[in-house]
Amino acid sequence: MYIGKYEFKDQKTAEAKIKGLGVATDEDGNEYPTHKHSIVKLGYIVLERGEYDSEGNETKAPVLSSKYHLDVAWQLEDTYSEDGELIKADHPYGWKSANVELDSNGVHSFYGVDYLTHKF
Amino acid sequence: MADPTLAIIPSGYKSGKLYSVLPENGDGDFTTFTRSTIGTRVNKGGFIESVLSNVPRLDYTNGKCPVLLLEPTTTNLQIRSQEFDNAIWSKTNVTVTANNIISPSNELNADKISRSSTAANYINDILTKSASQLEYTSSIFVKQGEGDYFALRVQGNYADRIDIRFQFSTKSIIYSNAASSNAILRSTSVKEYNNGWFRISISYLSDTRNLLGNYFSARSTSGNIDGGDTSSTAFVYLWGAMIQQNTFLTSYIETTDTPVSKSEDVCQDSGDLALFNSAEGSMFVDIEKSIKDSSSGRITISDGSSNNRVTIGKQSNNSQFRLFVAHTNGTIDAQKYTNVDFNVRNKFIITWKLNDFKFYQNGSLIHFDISGSVPTGLNALAFNENNLGGQDFFGQINNVQYYNTAISQAEAQALTTI
């Protein structure tokens, strides 16, 4: 398994990229994913938390990212060539350019899975 | 009545595998079980514990017999979920004593939340959200200290607050109110755990404000979190706050400094071509609870495609199940949509043979069809649409059985009677 962190210019772009991983339509017309990756839509993440008084009124606005963010736990494994050469798994086609490299887990984690040891 | 050919009663497992009870040679084992993250379950002792990735979760929440817990990917948005002394939790006339009592995880890490005044009194956190109406489920574990009441509030705009009051002596929610129609209360639930702990949840559609606050208050009299109380010493113990952006409650996910996601459970690859008799058979499922997610989750014996299959599954409207048999290129031989209460135990059977299809639900024959072909090449049982993934079924599974004959009506009704 690999973990990838991604940012897109907007939600529409991110949704299109997710759809590109594979969807099918059930008998009632509902779309559902055909892949087994875990995708978490973080959205426009909070870069700095807001501050609020005891009644919930905002005293300092949160600072949000201008990009739409996704975290993905990819069900991808390394493989070997016929010559026994290790072929490391990589971002699916079209995702690498949206990848964000972090030196920590960032603003979201997968339960018990460290990003730094599972990133591409 | 003959023994089933294949029986899955959640009992034996190891990483990546769920054992069947029958057949004893292992041909019915689910040989694929994946979940890429840790999850939690209630263990045999009644305590919440972590389960490693790819290990099936046999959950004892409901008592002595475990269920197979299958859940979708879910995220706990509430950071510091069991650290109420942390600065992210705002305290109004509240004192927090950290790690004061044994929690539902059987560790000394539950916090004491005490009133320090008869005036408005609460502990809360506020998360940032998009400025649109979104479905949420908030939950928390609470144990009685001093005082009979515990008040919760979820709130965007103050005018759109939703209040809940829980009474320990009756173990029930005695009051719920949405102050406006801009935020909608969907449902509440109370589940009792070991040692006097309760998990209280509230599902709701938020208002459009770009923040969401969750508030908690110990009380000796019935009232809301910001109402006065006769006591200035009432207290409760809290542990495990969780906010999910969906309409249903799932197993607890611990957080520290970030939101944390648990990946979905995938369970498939039980049986093979030799085990299943495509020409005639019976498929039985006993479901303790079905999760009301947005999907059409299926439990299926198939040929590894959507062409030939026997399927029992939920509809995305979360009020119906659909039972059907399909053959060749997916042609439906017989099917039935039936109303189902997802929150209670349900049992279903499909029996099939040439020109003879019968569907049963909770002891009743709900549909039959006297014409139709049978599927061919059935070779796998899976908790999804065709053993390839997609339309995964999520819920709590008591029992799944397959018989290589179409059992009689009397047998089917006896087997499905609750």
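These questions and answers look at how chain A and chain B meet, and at some salt bridges in the model.

This is a predicted model, in which local features need pLDDT of at least 70 and side-chain atom pairs count only at pLDDT 80 or more, while totals for chains, interfaces and linings use all residues. Residues are numbered from 1 along each chain as its sequence is written, chains are lettered from A and ligands numbered from 1 in the order in which they are written, and side-chain values use heavy atoms, with hydrogens and water left out.

Visitor: How many residues does chain B bring to the contact with chain A?
Guide: Contact means heavy atoms within 4.5 Å. Chain A gives 30 residues. Chain B gives 43 residues.

Visitor: What area do chain B and chain A bury between them?
Guide: Buried area is the accessible area (1.4 Å probe) that two parts lose on being put together, summed over both. Here 47% of it lies on carbon and sulfur atoms. The total is about 2,800 Å².

Visitor: Which three residues supply more of chain B's buried area than any other three?
Guide: Together they supply 18% of the area that chain B buries against chain A. They are Ser36(B), Ile126(B) and Thr128(B).

Visitor: Which element gives the largest share of the side of chain B that touches chain A?
Guide: Strands are DSSP runs (E, at least two residues), numbered from the N terminus. Several give two or more residues to this side, including β5 (39-42) and β13 (122-128) of chain B. The largest share is four residues, and it comes from β13(B).

Visitor: Is Arg153(B) buried or exposed?
Guide: Buried means under 20% relative accessible area, exposed over 50%, partly exposed in between (1.4 Å probe, protein chains only). Arg153(B) has 4% relative accessibility. So Arg153(B) counts as buried.

Visitor: How many residues apart in sequence are the parts that Arg153(B) and Asp163(B) tie together?
Guide: Arg153(B) forms a salt bridge with Asp163(B), with the closest N and O atoms 2.7 Å apart. Arg153(B) lies in strand β15 (residues 149-155) of chain B, and Asp163(B) in strand β16 (residues 162-167) of chain B. So the pair ties together parts that are 10 residues apart.

Definitions and conventions
Salt bridge = Lys/Arg side-chain N within 4 Å of Asp/Glu carboxyl O.
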